[in-house]
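Me: I would like to go through this model and ask what stands behind each term. Please set the values against the definitions.

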Amino acid sequence: MSDNLIDGKQVAARLRAAVGLAVSQLLITPTLAVVLVGDDPASHVYVRNKIKFTKEAGMRSLEHRLPADVSEAEVVATVRALNVDPDVDGILVQLPLPAHINSDRVIAEINPDKDVDGLTETSAGRLLLGQPGLRPCTPTGCVILAKETLGDLSGKHCVVIGRSILVGKPAALLFLEQNCTVTLAHSRTENLSAVCRGADILVPAVGRPNMVKADWIKAGACVIDVGINRIDDASRKSGTRLVGDVDFADAVPVAGAITPVPGGVGPMTIACLLRNTVLAACARRGLDMPDNLAL
Ligand SMILES: Nc1nc(=O)c2c([nH]1)NC[C@@H]1CN(c3ccc(C(=O)N[C@@H](CCC(=O)O)C(=O)O)cc3)C=[N+]21
């Protein structure tokens, strides 16, 4: 193993421990409600992990399982009931939803003060405006990993590749909030590799296996790989393996620090969900954010 790896698993475990400590000092038990529709096996694995870590951090989790053929109206009704349940601090609707359900309409129903995924229009507006609010989990995890490596990010040139609503756009805004100079690159960017070579912090969030090569990376740059791509690998028993958007073997010798896949950004996403649940529980009660959960 090289010495420039950013151990997302370890940073996530530490964040979960910090969440647990913050919870133990509260007089209430934050509660996360998870809505899971259908029987997608991957979604069930994610949700099981989320629930396990929620409990480990001393919080309560409620699980609402709905059948795959449930109507959109019933999912909306479930969200509305959670919105007004005073015991519920965070609501997570596991995505993707079955094709017959419009996930935008469901997400729009979530009370923004319980929006621990940070996906509602109100949460997005608060982020854009620099107002307090719940930020999306994966981009928050990227910022934490970058700060872990570099400390203060002020003045650093951050290049985010990918303009998705879920990751790229909010990541650009969160790095801007950290006083980075931000470039939001995407599929139409001219001279993409040269733009990336200017980055002190490079955040590929595209979903294209091994797209970023060594010659896209400035020597010593911090590389936060958001991609989680499953590719064929005949040498594995499963027949597949996970790779990021970065050609890891190529990039490792050039990067100053780099996240692996798996074991990089992924575990941070779940840890940030737990953090958001505590932040939501505090904000809803007019309590200050626990000091040890500040970015
Ligand atoms: N409402 C909602 N919020 C989400 O945040 C959300 C969602 N729906 N639907 C699915 C995606 C996916 N997602 C991941 C979280 C952790 C890992 C993770 O920890 N991955 C491990 C590897 C896991 C493996 O081996 O399969 C890693 O990268 O090390 C991956 C993916 C959250 N999502």
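**Domains, helix packing and ligand shell**

Reply: The protein chain is assigned domain 1 (28-112) and domain 2 (137-265), with bounds that come from an automatic or database domain assignment. This is a predicted model, in which local features need pLDDT of at least 70 and side-chain atom pairs count only at pLDDT 80 or more, while totals for chains, interfaces and linings use all residues. Residues are numbered from 1 along each chain as its sequence is written.

Me: How far apart do the C-alpha centres of domain 1 and domain 2 lie?

Reply: The distance between the C-alpha centres of domain 1 and domain 2 is 29 Å.

Me: Which residues does UniProt list for the "catalytic" and the "NAD(P)-binding" domain?

Reply: The unreviewed UniProt entry lists residues 6-117 for "domain: Tetrahydrofolate dehydrogenase/cyclohydrolase catalytic". UniProt positions are in the numbering used here, feature names are shortened, and annotations may be inferred rather than shown by experiment. In the model, residues 6-117 are 47% helix and 16% strand, with end C-alpha atoms 24 Å apart. Residues 136-283 are 36% helix and 18% strand, and their end C-alpha atoms lie 16 Å apart. Helices (H or I, at least four residues) and strands (E, at least two) are DSSP runs, numbered from the N terminus.

Me: Why is helix 6 called roughly perpendicular to helix 10?

Reply: Helix 6 (residues 137-150) and helix 10 (residues 265-284) pack at about 110 degrees, with axes 8 Å apart. That angle makes helix 6 roughly perpendicular to helix 10, a term for 65 to 115 degrees (under 35 is roughly parallel, over 145 roughly antiparallel, the rest oblique). Axes are lines fitted to C-alpha atoms, for helices over the stretch in contact, and angles run from 0 to 180 degrees between N-to-C directions.

Me: What makes up the contact of helix 6 with helix 10, by class?

Reply: This contact has nine nonpolar, five polar and no charged residues. Ala, Val, Leu, Ile, Met, Phe, Trp, Tyr, Cys and Pro count as nonpolar, Asp, Glu, Lys and Arg as charged, and the others, Gly among them, as polar.

Me: How are helix 1 and helix 6 placed to each other?

Reply: Helix 1 (residues 8-24) and helix 6 pack at about 105 degrees, with axes 11 Å apart. The two are therefore roughly perpendicular. Gly8, Val11 and Leu15 of helix 1 meet Ile144, Leu145 and Glu148 of helix 6, where contact means C-beta atoms, placed from the backbone, within 7 Å.

Me: Which residues come nearest to the ligand?

Reply: Of the 16 residues around the ligand, the nearest are Leu95, Pro262, Gly263, Gly266 and Thr269. A residue is near if its C-beta atom, placed from the backbone, lies within 6 Å. Helix 10 gives the most to the shell, four residues, and the shell divides into 11 nonpolar, four polar and one charged. Domain 1 and domain 2 each supply at least three residues.

Note on methods
Two residues are in contact if their C-beta atoms, placed from the backbone, lie within 7 Å.
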